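Visitor: I am new to this one. Please show it to me, and then let me ask my questions.

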Amino acid sequence: MIINNGVINIGDNNTVISAISYCDIARELNVLLNYTENKEVVESAIRYANEENSEKLKKVLKKIGKEMFSLIKELGLVVLKKYIEGML
């Protein structure tokens, strides 16, 4: 079992199961909210993360642009970055 910034990987080399911590995603989205001008998208994403509604969360996060994704990386929001990368 490996725990890395809220993402838990369980399994051997052949099988890996990732459990998403919506609490950590919401926490990182709150940090992002302080640094972005696109507050409407981030506020919606926070609401869906708190509701643990992955379908709506993914739909909203697909609206973020390259600039916001770069900001996520610059701020070191690892859980959010991995979640978005997993959607692609």
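Predicted model: local features only at pLDDT ≥ 70, side-chain atom pairs only at ≥ 80, totals over all residues.

Visitor: In what order do the elements of the protein chain run from the N terminus on?
Guide: The protein chain has five helices and three strands. Helices (H or I, at least four residues) and strands (E, at least two) are DSSP runs, numbered from the N terminus. From that end the order is β-β-β-α-α-α-α-α.

Visitor: What percentage of the residues in the protein chain is buried?
Guide: Buried means under 20% relative accessible area, exposed over 50%, and partly exposed in between (1.4 Å probe, protein chains only). The protein chain has 88 residues. The buried share is 38%.

Visitor: How far apart are the end C-alpha atoms of H1?
Guide: The expected span of a helix is 1.5 Å times one less than its number of residues. H1 has twelve residues, so it should span 16 Å. The distance between its end C-alpha atoms agrees: 16 Å.

Visitor: Which helices do the buried residues of H1 pack against?
Guide: The buried residues of H1 are Tyr22, Asp24, Ile25, Ala26, Glu28, Leu29, Leu32 and Leu33. Contact means heavy atoms within 4.5 Å. The partners of these buried residues are H2, H3, H4 and helix H5 (78-87).

Visitor: How do H1 and H2 run relative to each other?
Guide: Axes are lines fitted to C-alpha atoms, for helices over the stretch in contact, and angles run from 0 to 180 degrees between N-to-C directions. Angles under 35 degrees count as roughly parallel, over 145 as roughly antiparallel, 65 to 115 as roughly perpendicular and the rest as oblique. The axes of H1 and H2 are 9 Å apart, at an angle of about 160°. The two helices are therefore roughly antiparallel.

Visitor: Which residues of H3 make the contact with H1?
Guide: The axes of H1 and H3 come within 13 Å and cross at roughly 30°. That makes the pair roughly parallel. On the H1 side, the contact uses Tyr22, Ile25 and Leu29. On the H3 side, the residues are Ser54, Leu57 and Leu61.

Visitor: What covers the buried residues of H2?
Guide: H2 covers residues 39-51 and reaches 18 Å from its first C-alpha to its last, close to the 18 Å expected. Its buried residues are Val41, Val42, Ser44, Ala45, Ile46, Tyr48 and Ala49. Their cover includes helix H1 (22-33), helix H3 (54-61) and helix H4 (66-75).

Visitor: Which residues of H3 meet H2?
Guide: The axes of H2 and H3 come within 8 Å and cross at roughly 165°. This makes the two helices roughly antiparallel. H2 brings Val41, Ser44, Ala45, Tyr48 and Ala49 to the contact. H3 brings Lys56, Leu57, Val60 and Leu61.

Visitor: What is the phi of Glu52 near?
Guide: Glu52 sits in the loop between H2 and H3. It counts as exposed, because its relative accessibility is 54%. Its phi is positive, in a residue other than glycine, and near 55°.

Visitor: Which residues touch the most other members of the largest nonpolar core?
Guide: A nonpolar core is a set of buried Ala, Val, Leu, Ile, Met, Phe, Trp, Tyr and Cys residues joined through side-chain atoms within 4.5 Å. The largest has 26 residues, and those touching the most other members are Ile25, Leu29, Leu32, Leu57, Leu61 and Leu80.
Visitor: How many residues of this core does each of H1, H2, H3, H4 and H5 supply?
Guide: These five helices all contribute to the core. The supply from each is at least two.

Visitor: Which residues is Leu80 in contact with?
Guide: Leave aside its neighbours within four places in sequence. The contacts of Leu80 are then Ile25, Glu28, Leu29, Leu32, Leu61 and Ile72.

Note on methods: Residues numbered from 1 in each chain as written. Heavy atoms only, no water.
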